[in-house]
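Please find below a colleague's note on the structure under review. It is set out as numbered points for reading beside the coordinates.

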Amino acid sequence: NQRLRARAWVLAAGNTTGSSYLAEASAPLSGVNVVENGDFSGGVTNWSEYGAPVGNIQSSIVGGVYQYYRVAPGQAVVLQGTGVPVHAFGAIEAQFQAGNSDSQRKRVSVLVHDGDFSDLSVCTYWLPPNTPLQTYRMRTHTTQDWPNLTVSFYAASEGSSGGFYRLDDVSVWYDPAGLTAATECEDP
């Protein structure tokens, strides 16, 4: 992940012995995608799949596109913790392609959150039946410091009528000029 890192030697306040320490701060570079393997060209490398109970997510990569569905009952999610910290009230933008190869419409919930779920934003989208990949966008912000910017895709609809949620070209970046007081969910 590309990051801006700054280091400086700091003299200890009120110290007459001349002691100092090294201070360091880092932040994601503006406009740089922090998701690794967002095009799934490396399979599910850098991604985690979670199904509860175990086995509740069925997935594959077809033509470079990740596809999955949720076995009922339970939950299925694919996610990536980027390890990138974002400061409080930092603006974040996510963009991805989603489609539905099923004959039934599907609902997907997209979360941009800190890795421990202490702060999060959610957008929910309906994917019409037999829909090719389309571009979706989410603009949001943090309300506290995040040590680990994470993006998650929850299969909110259960089952498969012979089709899948389809996901590709996932990108998430810090946008210092973006929204810091709302969440916007763009649906094509």
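1. Overall make-up. The model is a predicted one. Of the chain's 188 residues, 39% count as buried. Among contacts between residues at least 6 apart in sequence, 71% join residues at least 24 apart.

2. The nonpolar core. The largest nonpolar core holds 33 residues, and Y68, F96, V151, F153 and V170 have the most contacts inside it. Two or more residues each are contributed by β5 (65–70), β6 (75–81), β7 (91–100), β8, β9 (120–127), β10 (131–141), β11 and β12 (165–174). The greatest share comes from β12, which gives five residues. Beyond its neighbours within four places in sequence, F153 is in contact with W47, Y68, A76, V77, V78, F96, V108, S109, V110, L167 and V170.

3. Strand β12 and its partners. Eight of the ten residues of β12 are buried, and the strand is thus mostly covered. Strand β12 runs antiparallel to β5, to which three bridges join it; within this pairing, Y68 has Y165 as its bridge partner. Strand β12 is also antiparallel to β7, here with eight bridges, and I92 stands opposite Y174 of β12.

4. Serine 109. Is S109 buried or exposed? With a relative accessibility of 11%, S109 counts as buried, because the value falls under the 20% limit. S109 is located in strand β8 (residues 106–114). Its side chain makes a polar contact of 3.2 Å with the side chain of T124. Not counting residues up to four places away in sequence, S109 touches V122, C123, T124, S152, F153, Y154 and A156.

5. Serine 152. S152 belongs to strand β11 (residues 149–155) and is buried, its relative accessible area being 0%. The side chains of S152 and H113 make a polar contact at 2.8 Å. Apart from neighbours within four places in sequence, the contacts of S152 are V77, V78, L79, S109, V110, L111 and H113.

6. Salt bridges around R139. The whole structure has five salt bridges. One of them joins E93 to R139, with the closest N and O atoms 3.5 Å apart. This pair links distant parts of the chain, since E93 is in strand β7 and R139 in strand β10, 46 residues apart. E93 is buried at 7% relative accessible area, whereas R139 is partly exposed at 21%. R139 also forms a salt bridge with E186, where the closest N and O atoms are 2.1 Å apart. Because E186 lies in strand β13 (residues 184–186) and R139 in strand β10, this pair ties together parts 47 residues apart in sequence. E186 is partly exposed, with a relative accessible area of 33%. A network of salt bridges links E93, R137, R139, E184 and E186.

7. The D102–K106 salt bridge. The side chains of D102 and K106 form a salt bridge with an N to O distance of 3.1 Å. D102 is buried at 1% relative accessibility, and K106 is buried with a relative accessible area of 2%.

Definitions and conventions. Residues are numbered from 1 along each chain as its sequence is written. This is a predicted model: local features need pLDDT of at least 70, side-chain atom pairs count only at pLDDT 80 or more; totals for chains, interfaces and linings use all residues. Side-chain values use heavy atoms; hydrogens and water are left out. Helices (H or I, at least four residues) and strands (E, at least two) are DSSP runs, numbered from the N terminus. Buried means under 20% relative accessible area, exposed over 50%, partly exposed in between (1.4 Å probe, protein chains only). A polar contact is a pair of N or O atoms within 3.5 Å; within protein, one must be able to donate a hydrogen and the other to accept it, and residues adjacent in sequence count only if both atoms are side-chain atoms. Contact means heavy atoms within 4.5 Å. A nonpolar core is a set of buried Ala, Val, Leu, Ile, Met, Phe, Trp, Tyr and Cys residues joined through side-chain atoms within 4.5 Å. Two strands pair if DSSP finds at least two bridges between them. A salt bridge is a side-chain nitrogen of Lys or Arg within 4 Å of a carboxyl oxygen of Asp or Glu.
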